[in-house]
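I opened my notebook for a friendly look through this model. Here is what I looked up, entry by entry.

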Amino acid sequence: MADDPTHPRDSVPEPYRARSETLQLRRAPKISVFLIAGAGLGILVALILTFAFDGTEAVSRNTGFEYSQGQVFGFIALICIPIGVALAGVVALLFDRASSRRARQVAVEHDAIQIAPDDDRA
């Protein structure tokens, strides 16, 4: 069958094929971990600011309401969490840029083995 000109040799499946290629290998940071850590840092800063400046005893001049510490924490967290996430994202991008400079080329071989079906199963 291999000598038959109507069946080209490339169409016959080979039992084993290998190919080589060059890939770029680098260690990249997980950006989601940085973003979550930035949000956690923002919550921590909001908690510290809430208890460092105790301004909940007086009525607000702007709204005329008295706010509890939980409400003050929520207001400050609405500001600190996005700032923490943004700063952590910038740090992650800086680490990603630094890791791309240290990237190296690696030769990789892909092996493909084709197993013939068993005639006993049919």
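**Contacts.** I count a contact when heavy atoms lie within 4.5 Å. With that in hand, I looked at contacts in the protein with a separation of 6 or more, and residues 24 or more positions apart account for 80% of them.

**Confidence.** I kept in mind that this is a predicted model. The protein averages a pLDDT of 81, and 80% of the residues score at least 70. I then asked which element has the lowest mean pLDDT and which the highest. Strand β1 (residues 16–25) has the lowest, at 76, while α1 has the highest, at 95. A reminder to myself: where pLDDT is low, the predicted coordinates should not be read in detail.

**Layout.** I found two helices and two strands in the protein. Read from the N terminus, the order of the elements is β-α-α-β.

**Surface and burial.** How much of the protein counts as buried? I noted 11% of its 122 residues.

**A nonpolar patch.** Next I looked up nonpolar side chains on the surface. L41, L44, V45, L47, I48, L49, F51 and F53 form a nonpolar patch there, and together they have about 770 Å² of accessible area. I picked out V45, which sits in helix α1 (residues 31–52). V45 has 35% relative accessibility, so I put it down as partly exposed.

**Aromatic pairs.** I searched the whole structure and got two aromatic pairs. In one of them, the ring centres of Y67 and F75 are 5.5 Å apart. Why do I call the pair of Y67 and F75 edge-to-face? Their planes stand at 85°, and planes over 60 degrees apart count as edge-to-face. I also checked how open these two residues are. Y67 is partly exposed, because its relative accessibility is 23%. F75 is likewise partly exposed, with 44% relative accessibility.

**S99.** My last stop was S99, which I located in helix α2 (residues 69–101). Is S99 buried or exposed? S99 is buried, because its relative accessible area is 5% and the cut-off for buried is under 20%. Which residues does S99 touch, not counting those up to four places away in sequence? I listed R26, R27, A28 and P29.

Methods. Residues are numbered from 1 along each chain as its sequence is written. Side-chain values use heavy atoms; hydrogens and water are left out. Rings of Phe, Tyr and Trp (its six-membered ring) pair if their centres lie within 6.5 Å; planes under 30 degrees apart count as stacked, over 60 as edge-to-face and the rest as tilted. Buried means under 20% relative accessible area, exposed over 50%, partly exposed in between (1.4 Å probe, protein chains only). Patches are made of residues with over 30% relative accessible area and no salt bridge: like charges are joined within 9 Å, nonpolar side chains (Val, Leu, Ile, Met, Phe, Trp, Tyr) within 5 Å. Accessible areas come from the Shrake-Rupley method with a 1.4 Å probe; for residues, only the protein chains shown count as cover. A salt bridge is a side-chain nitrogen of Lys or Arg within 4 Å of a carboxyl oxygen of Asp or Glu. Helices (H or I, at least four residues) and strands (E, at least two) are DSSP runs, numbered from the N terminus. pLDDT is the predictor's confidence in each residue, from 0 to 100.
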